[in-house]
Amino acid sequence: MTFEENSRLTDAESRRLAAMEKRYREAARERFESRVAYYHSITGGNYTSITVRDQRSRWGSCSSRGTLSFNYRLIFAPAAVLDYVVVHELCHLTHMNHSADFWNMVASVMPEYREYRKWLREHGHELTVEAHMSRLGIPTSLR
């Protein structure tokens, strides 16, 4: 759905989409916490918290204080793609850059990371509530 189509939603349709987004954000938080716990045992490092947001230009980030942030829209991606972003951010706990050492660490945990990175570049724009609903055959409009 384009922005123009989205702006033509009724109040009820907008509230319905907002409620669905809230559910997916909650589901994403649970998934991120679970996957961080799993991969953290492999990557090590220290993190302080996990945040889940709707970022337009980033899939994840890791602050120098150890805050891991993830884009909730990854919940709509294949599980391995979500895992790649988790591994990527966890590796920043050890290497706060994109050096060869960083990428070697990512590859040691997830050798096929390039495939998932490419998938995000090619399909990331499709990761929206509206697109997900459409794939499931659920109409956005209630009319």
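Biologist: Is Phe 32 buried or exposed?

Modeller: Phe 32 counts as buried because its relative accessibility is 0% (buried means under 20% relative accessible area, exposed over 50% and partly exposed in between, with a 1.4 Å probe and protein chains only). Phe 70 is also buried, at 0%. This is a predicted model, where local features need pLDDT of at least 70, side-chain atom pairs count only at pLDDT 80 or more, and totals for chains, interfaces and linings use all residues. Residues are numbered from 1 along each chain as its sequence is written, and side-chain values use heavy atoms, leaving out hydrogens and water.

Biologist: How do I describe two rings together?

Modeller: A pair of aromatic rings is described by the distance of the centres and the angle of the planes. Rings of Phe, Tyr and Trp (its six-membered ring) pair if their centres lie within 6.5 Å; planes under 30 degrees apart are stacked, over 60 edge-to-face and the rest tilted.

Biologist: How many aromatic pairs does the whole structure hold?

Modeller: A search finds 7. One of them is Phe 32 with Phe 70, stacked at 4.5 Å centre to centre with 10° between the planes.

Biologist: And what about Tyr 38 and Tyr 39?

Modeller: Their planes stand at 85° and their centres are 4.8 Å apart, so this pair is edge-to-face. Tyr 38 is partly exposed at 45% relative accessibility, whereas Tyr 39 is buried at 9%.

Biologist: Which residues do ring pairs link into a cluster?

Modeller: Tyr 84, Phe 102, Trp 103 and Tyr 113.
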